[in-house]
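My notes follow in the order I checked things.

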Amino acid sequence: MQTGLYIVGTPIGNMSDMSPRAIDVLRTVDLIAAEDTRVFGKIAARFDIKTPRVACHEHNERDVIPDLIEKIQSGMSVAVVSDAGMPGVSDPGFRIVRAARDANVPVFVVPGPTAVISALVLSGFPTDRFTFCGFLDEKKLAADNKLRHTLVYYESPNRVMATIAAMARVMPERKIAIVREITKIYEQTIIGYPADLMHIEPPRGEIVIVVSPAPEHKMSDSEIADIVNDIAATSMKSAAADLAARAGISKKDAYRRLLNKGEK
């Protein structure tokens, strides 16, 4: 095993997705840095991985990473794994890769499943250009809506219905795909306009939301007027920004339309 840092992808649900190369690397390296050693213990037991391991997560990275880099510089091979999927994608991992690059030590990747790409493909929405926005922040939704291509979010089952309602307000013209339990027995993809999905049975499990690109055609005056009436109760400044993002018009034009209650 060559000295260096190995970024290893692990299953996001179905253990059969563990690659032979990932198993071989994890059995062969000198040390495994796991987001949670107890969670990784299940994978280790399943695939007879007996390599020593240490915890490396967002709460201790600052203290652990220098020691790991020092071990690599002394000739050791170290693998990094997250609880599921590819390390560094909304999981710990990118900081140790950055530290390894700064220290000029070799970095290798052992690809594995990732929920972002899996959900994107399952949605059937365009994949030529997309933005992964991490865990959804409702406060940033209007700003995100200015990105007119495909968007991908992680979401908690406890918040998903509130998120669908927010999307119905902010981006009603864009279809969404709610993808849950990817690779597991209850895998499901629900597609529709946000307003049509507001009354579905709340999805459970691990959830990814994919948002389709915004329609290329510009909204009609009547459609813009409907949005104006929907958000007119908010402050003028925030309402203008919201309208501009949702209707694809300038803030100046949005402000003028608000003053005129949506009329030309």
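In what order do the five strands of the open parallel sheet stand? I read the order as β3-β2-β4-β1-β5, with parallel pairing. Residues 53–55 make β3 and residues 107–110 make β5; both stand at the edges with a single partner strand, so one side of each has no neighbour in the sheet. The twist from one strand to the next averages 25°.

Before going on, I noted the ground rules. This is a predicted model: local features need pLDDT of at least 70, side-chain atom pairs count only at pLDDT 80 or more, and totals for chains, interfaces and linings use all residues. Residues are numbered from 1 along each chain as its sequence is written, and side-chain values use heavy atoms, with hydrogens and water left out.

I also wrote down my terms. Helices (H or I, at least four residues) and strands (E, at least two) are DSSP runs, numbered from the N terminus. Two strands pair if DSSP finds at least two bridges between them. Angles run from 0 to 180 degrees between N-to-C directions, on axes fitted to C-alpha atoms, for helices over the stretch in contact.

**Whole chain.** I found 10 helices and 10 strands. The C-alpha atoms fill a box of roughly 70 × 40 × 30 Å along the principal axes. Of the 264 residues, 46% count as buried (under 20% relative accessible area; exposed is over 50%, partly exposed in between; 1.4 Å probe, protein chains only).

**Parallel sheet, strand by strand.** I started with β2. Four bridges join β2 to β4, and L31 has V78 as its bridge partner there. Three bridges join β2 to β3, where A34 is partnered by A55. Which faces of β2 are covered? Both are: L31 and A33 on one side, I32 and A34 on the other, are all buried.

Next I took β1, residues 4–8, which pairs with β5 in the parallel sense over four bridges. V8 stands opposite V110 in β5. Helix α4, residues 94–102, packs on the sheet and touches β1, β4 and β5 (contact means heavy atoms within 4.5 Å). The direction of α4 makes about 155° with that of β1. Helix α3, residues 61–73, lies across β1, β2, β3 and β4, at about 160° to β2.

I then traced another open sheet of five strands, β6-β7-β10-β8-β9, with mixed pairing. Its edge strands are β6 (130–135) and β9 (188–192), each pairing on one side only. Neighbouring strands are turned by 15° against each other on average, direction ignored. β7 and β10 are antiparallel over five bridges. Y154 stands opposite V208 in β10. Helix α7, residues 160–170, packs here against β7, β8 and β10, its direction making about 10° with that of β10.

**Largest pocket.** Its volume is about 680 Å³. Which residues are closest to its centre? Of the 29 lining residues, they are I12, D83, A84, G85 and E206. A pocket here is an open set of points on a 1 Å grid over the protein atoms alone, where a 1.4 Å probe fits, with protein on both sides within 12 Å along at least five of seven lines; lining residues have an atom within 4 Å of a point. Points are joined across faces, edges and corners, and the volume is the space filled by probe spheres set on them.

I checked which elements contribute. α2 (37–46), β7 (150–155) and β10 (207–211) each supply at least two lining residues. α2 gives the most, with three.
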